[in-house]
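Work through the exercises below with the sequence and the model open. Try each task before you read its solution.

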Amino acid sequence: MTKLPTSAVAGAPHTALLGLGVYRPSRIVPNADIVEAIDSSDEWIQQRSGIKTRRFADEHETVQMMSVASARTAIERAGIDPQQVDGVIVATVSHLLQTPAVATAVAYELGLNRPVAFDISAACAGFCHGVALASDMVRGGSAKYVLVIGVERLSDITDSRDRGTAFIFADGAGAVIVGPSDEPGIGPVVWGSDGEQFDLIRQREDWRDVLVAETPEMPHLMMQGNAVFRWAAFEMAKTAQATLDRTGITVDDLDVFVPHQANMRIIDAMARSIKLPPHVAIARDIADQGNTSAASIPLALDRLVELGEAKSGDLALFIAFGAGLAYAAQVVRVP
Amino acid sequence: MATKTDILTDLAAIVDEIAGVPADDVQLDKEFVGDLDVDSLSMVEIVVAAEEKFGVRIPDDQVKNLKTVGDAVDYIESAQS
């Protein structure tokens, strides 16, 4: 039997986020445009979610288009040649052409050099899953510069008549380049799932069930809000603490807290639970962006940088959680 | 073993801290939603804080039965025993 030779492939000792780019869709949709279908009010929505407006994509702003736009900025800010990108990971649950992966089309449209390209399905936790995978790929020598994109067009799969979700979900894209670094720029990931709670946030029905219905309708997202709130605000605070412990820092070492922008009430409860000190800037992009699932963390970080509340080199805690239930968290240096 | 009065005092402090309702207003006959204006998400936070404080488990499907402060005090008392 021939032994497999010891691999001569060596990865990078450390990885970092090298560049960040986002795409915010063009249609600004205030609560006033949402309330009639759900018999609600601007005040009620703001009180329960902190959302004032959100953005919906127009017909030209497809998952692929928003991915490419955010990626172009990320590549440019990373200061690398597009030809150097040898991996593309797209995290999304709203690319409605189920196969092939949109990552391959994104790579082609960007003019990349036939990189490994695939999509991942981890819902709102997708971006942090992508960053962890990309970092391991670079450290393992499987790729050198990996483009990670979180992108959603949740407006396509949101039921505008559902009081529990119609005001929450929105559209957008964010991208980063993960690459080699002399110093650690991406800490160890803490991630996992709880499939016992599979039904808390899900596509309402299987496509095959839709097709046999008398009047077939898009299988919308549904969510059991209170149960999700409990899990996200309290269980995820424990995951945040575990991530700091695993990284070897404390909450006092953080500069920025960038949780998935699920609901302002979750963000507030989580910040209280983990006892964030006042000097830590908290991302609150949800107020005028809505919950953009896999896109929310890069969008929220970009907003903090734009506002001057986060700067290059700052230590940021990312924590993302959602349908599955799936979650992932890591500490990173802001690119 | 905590008495009903002890539980009410501690629960009132929790409701005050989380929902900003003055502790004196948190009386056994008051409804969380109707009288104290506690919304469903604040109710979840109150339940989690109460679980920690009283060392009990209050499952999601029980929360909807806790309409008044008295319901919650009774539930906590029986869960502790």
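A residue is buried if 20 or more other C-beta atoms lie within 10 Å of its own, exposed if 12 or fewer, and partly exposed in between. Keep in mind that this is a predicted model.

**Exercise 1. Residues with positive phi**

Task: Locate A:R114 and decide whether it is buried or exposed.

Solution. 
- Start with the backbone. A:R114 has a positive phi of about 45°, yet it is not a glycine.
- A:R114 sits in the loop between α3 and β5 (116-120) of chain A.
- Count neighbours. There are 9 C-beta neighbours inside 10 Å, so A:R114 counts as exposed.

Solution. 
- B:D37 is not a glycine either, and its phi is positive, at about 60°.
- The loop between α1 and α2 of chain B holds B:D37.
- B:D37 has 12 C-beta neighbours inside 10 Å, so it counts as exposed. The cut-off for exposed is 12 or fewer.

**Exercise 2. Cis peptide bonds**

Task: What is the omega of the peptide bond from A:T99 to A:P100, and what is it for the bond from A:G324 to A:L325?

Solution. 
- The bond from A:T99 to A:P100 is cis, with omega near 0°.
- A:P100 lies in the loop between β4 (87-91) and α3 (102-109) of chain A.
- The bond from A:G324 to A:L325 is also cis, and its omega is near -10°.
- A:L325 lies in the loop between β13 (315-322) and β14 (326-333) of chain A.

**Exercise 3. Dimensions of chain A**

Task: Describe the make-up of chain A, then test its radius of gyration against that of a compact globule.

Solution. 
- List the elements. Chain A has 9 helices and 14 strands.
- Apply the rule. A compact globule of 335 residues would have a radius of gyration near 20 Å; chain A has 19 Å, which agrees.
- Box the chain. Its C-alpha atoms fill roughly 65 × 50 × 40 Å along the principal axes.
- Check burial. Of the 335 residues in chain A, 51% are buried.
- Check contact range. Take the contacts in chain A with a separation of 6 or more: 78% of them come from residues 24 or more positions apart.

**Exercise 4. Dimensions of chain B**

Task: Repeat the analysis for chain B: how many helices and strands does it have?

Solution. 
- Chain B has 4 helices and 0 strands. From the N terminus on, the order is α-α-α-α.
- The radius of gyration of chain B is 11 Å, close to the 12 Å that the globule rule gives for 81 residues, so chain B is as compact as a globular protein of that length.
- The C-alpha atoms of chain B fill a box of roughly 30 × 25 × 20 Å along the principal axes.
- Buried residues make up 35% of the 81 residues in chain B.
- Among contacts in chain B between residues at least 6 apart in sequence, 53% join residues at least 24 apart.

**Exercise 5. A helix pair in chain B**

Task: At what angle do α1 (residues 4-19) and α2 (residues 40-54) of chain B pack, and how far apart are their axes?

Solution. 
- The angle is about 140° and the axes are 10 Å apart.
- Class the angle. Over 145 degrees would count as roughly antiparallel. α1(B) and α2(B) are therefore oblique to each other.
- The crossing is right-handed.
- Find the contact residues. α1(B) contributes residues including B:I7, B:L11 and B:I14, while α2(B) contributes residues including B:I46, B:A49 and B:F54.
- Sort them by class. The contact of α1(B) with α2(B) has 10 nonpolar, 1 polar and 3 charged residues.

Notes
Residues are numbered from 1 along each chain as its sequence is written. Chains are lettered from A and ligands numbered from 1 in the order in which they are written. This is a predicted model: local features need pLDDT of at least 70, side-chain atom pairs count only at pLDDT 80 or more; totals for chains, interfaces and linings use all residues. Helices (H or I, at least four residues) and strands (E, at least two) are DSSP runs, numbered from the N terminus. The radius of gyration is taken over C-alpha atoms; the globule rule is 2.2 Å times the number of residues to the power 0.38. Two residues are in contact if their C-beta atoms, placed from the backbone, lie within 7 Å. Axes are lines fitted to C-alpha atoms, for helices over the stretch in contact, and angles run from 0 to 180 degrees between N-to-C directions. Angles under 35 degrees count as roughly parallel, over 145 as roughly antiparallel, 65 to 115 as roughly perpendicular and the rest as oblique. A crossing is left-handed if the near helix is turned anticlockwise from the far one by less than a right angle, and right-handed if clockwise. Ala, Val, Leu, Ile, Met, Phe, Trp, Tyr, Cys and Pro count as nonpolar, Asp, Glu, Lys and Arg as charged, and the others, Gly among them, as polar.
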